[in-house]
Amino acid sequence: MIFYTDYSLEGSNTFNIKAKANVFYEVGLREDLDSFVRKRKLMDMPRLVLGNGSNVLFVKKRFKGVVLKNEMKGIEFVSENDDEVLLKVASGEDFDEFIAFCLKKHLHGAENLSGIPGSVGGAVVQNIGAYGQELRNLVRSVEYFDFDDYEMHTIDNDGCKFGYRDSIFKHELLDKTFITSVTFALAKKYVPIVGYGTLQERLSGYAVLTPMLVRRAVLALRFEKIPDFKQYGNAGSFFKNPDITPEEAAKMAKQHPEVKMFEQEDGMFKIPAGQLIDLCGFKRTPTATVGVAYTNALILMNLGGAKGREILEYAKNIKKAVKQRFGVKLEPEVVIV
Ligand code: EPU
């Protein structure tokens with residue numbers, strides 16, 4: 001168990017914000033959590049569990065609490081049948097490296113989620129999704145340490161209460177748990193998922209689809225749309241894509257025929273928030289330190305030396321403009337600390 005005080009978080013968040021934490025505690029083993037909870041002083045401080053820091057925005061110069069950095073590693077075989085293999089993956093593993101591991105072992109289902117920066121634990125909290133696949137479709141169970149009773153608990157897929165970029169870990173279990181491992185069910189037989197518009201287009205010339213081909217196509221699409229956070233700090237999509245009712249959609253189509261909407265299975269309509277932000281003209285109005293990506297207006301970027309509160313301020317302006325022009329309320333997808 002290693003811990004630091006007055007620790008710079010600059011290298012621990014993909015927005016590259018220069019915030020500091022009063023205490024930074026690396027958790028590699030379950031025993032580290034046991035030692036942590038015995039330190040009364042630390043337990044009384046505000047707490048933040050951090051994976052790869054790819055979905056957080058630190059808005060204050062200092063997080064006056066303890067950051068628990070997840071360093072848990074390891075992949076274990078659990079069981080298999082004719083159709084699938086269960087793997088128990090430590091929550092601090094890098095999710096994309098796990099996908100590469102699956103491909104090597106000829107295990108399928110995760111390839112559409114290629115290139116998403118983040119840890120396995122963070123992927124669960126956020127129920128990450130991209131190009132027609134969502135993490136919830138792969139999760140069998142999640143094991144976590146509970147800061148209230150100091151015990152380990154396991155919940156199944158239903159218990160995770162997954163929703164669009166949402167899970168129980170953002171609500172009832174917020175700040176109360178440390179996810180230690182996730183058991184994934186991976187398919188032995190490959191069934192390509194290529195219904196998502198841009199991915200379908202990209203792969204239309206291929207007679208046979210392989211998981212590696214799909215992975216490479218997804219990585220290429222992401223590379224074209226999402227700036228490298230090492231150059232321009234960002235956390236992927238800043239807002240969720242809002243859902244509106246069929247009535248609201250009909251009104252929108254009349255008042256703003258230029259807005260593209262996508263009907264969902266449940267009858268609601270999803271509007272790409274990037275498109276609304278784009279139509280409000282934000283691609284042309286960066287500040288000295290904050291702007292949206294030219295390739296996708298849903299991605300807010302640290303153009304260099306931005307303070308967390310400057311990014312938040314810019315996000316608030318976007319929210320206000322979209323509400324004013326389209327009557328649509330945007331909700332952040334990124335966790336604001
Ligand atoms: N669009 C514009 N202008 C823009 C951006 C988008 O007009 O500046 C329109 C385009 O017409 C495009 C549509 O919006 O066809 C959708 O854009 P895109 O396919 O890039 O998807 P997105 O809505 O921006 C979502 C996810 C991404 C995920 C991609 C691919 C959310 C909040 N975002 O983005 O997830 O990678 O689809 O599946 O659901 C993330 O969560 O951080 C993330 C990057």
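Colleague: What lies 2.6 Å from a polar side-chain atom of Tyr196?
Modeller: An oxygen atom of the ligand. That is a polar contact (N or O atoms within 3.5 Å). Bear in mind that this is a predicted model, where local features need pLDDT of at least 70, side-chain atom pairs count only at pLDDT 80 or more, and totals for chains, interfaces and linings use all residues. Residues are numbered from 1 along each chain as its sequence is written, and side-chain values use heavy atoms, without hydrogens or water.

Colleague: And Arg165, how far is its side chain from the ligand?
Modeller: 3.0 Å. That value runs from an N or O atom in the Arg165 side chain to a ligand oxygen.

Colleague: What about Ala297, backbone or side chain?
Modeller: Backbone. An N or O atom there is 2.9 Å from an oxygen atom of the ligand.

Colleague: How many residues are around the ligand?
Modeller: There are 23 (a heavy atom within 4 Å).

Colleague: Which come nearest?
Modeller: Tyr131, Tyr164, Tyr196, Lys260 and Glu333.

Colleague: New topic. How do E6 and E7 pair?
Modeller: Antiparallel, over five bridges. Strands are DSSP runs of E, at least two residues, numbered from the N terminus. Pairing takes at least two bridges. E6 covers residues 75-80 and E7 covers 84-90.

Colleague: How many residues sit between them?
Modeller: Three, and the two strands form a hairpin.

Colleague: Which residue does Phe77 stand opposite?
Modeller: Leu87, in E7.

Colleague: Now the three-stranded sheet. What's the order?
Modeller: E13-E15-E14. The sheet is open and the pairing is antiparallel.

Colleague: Why is one side of E13 left without a neighbour?
Modeller: Because E13 (243-244) stands at an edge and has a single partner strand. E14 (262-263) is at an edge too, so one of its sides also lacks a neighbour in the sheet.

Colleague: How many bridges join E14 to E15?
Modeller: Two. E15 is residues 269-270, and it runs antiparallel to E14.

Colleague: Who is the bridge partner of Glu263 there?
Modeller: Phe269, in E15.

Note on methods. Helices (H or I, at least four residues) and strands (E, at least two) are DSSP runs, numbered from the N terminus. A polar contact is a pair of N or O atoms within 3.5 Å; within protein, one must be able to donate a hydrogen and the other to accept it, and residues adjacent in sequence count only if both atoms are side-chain atoms.
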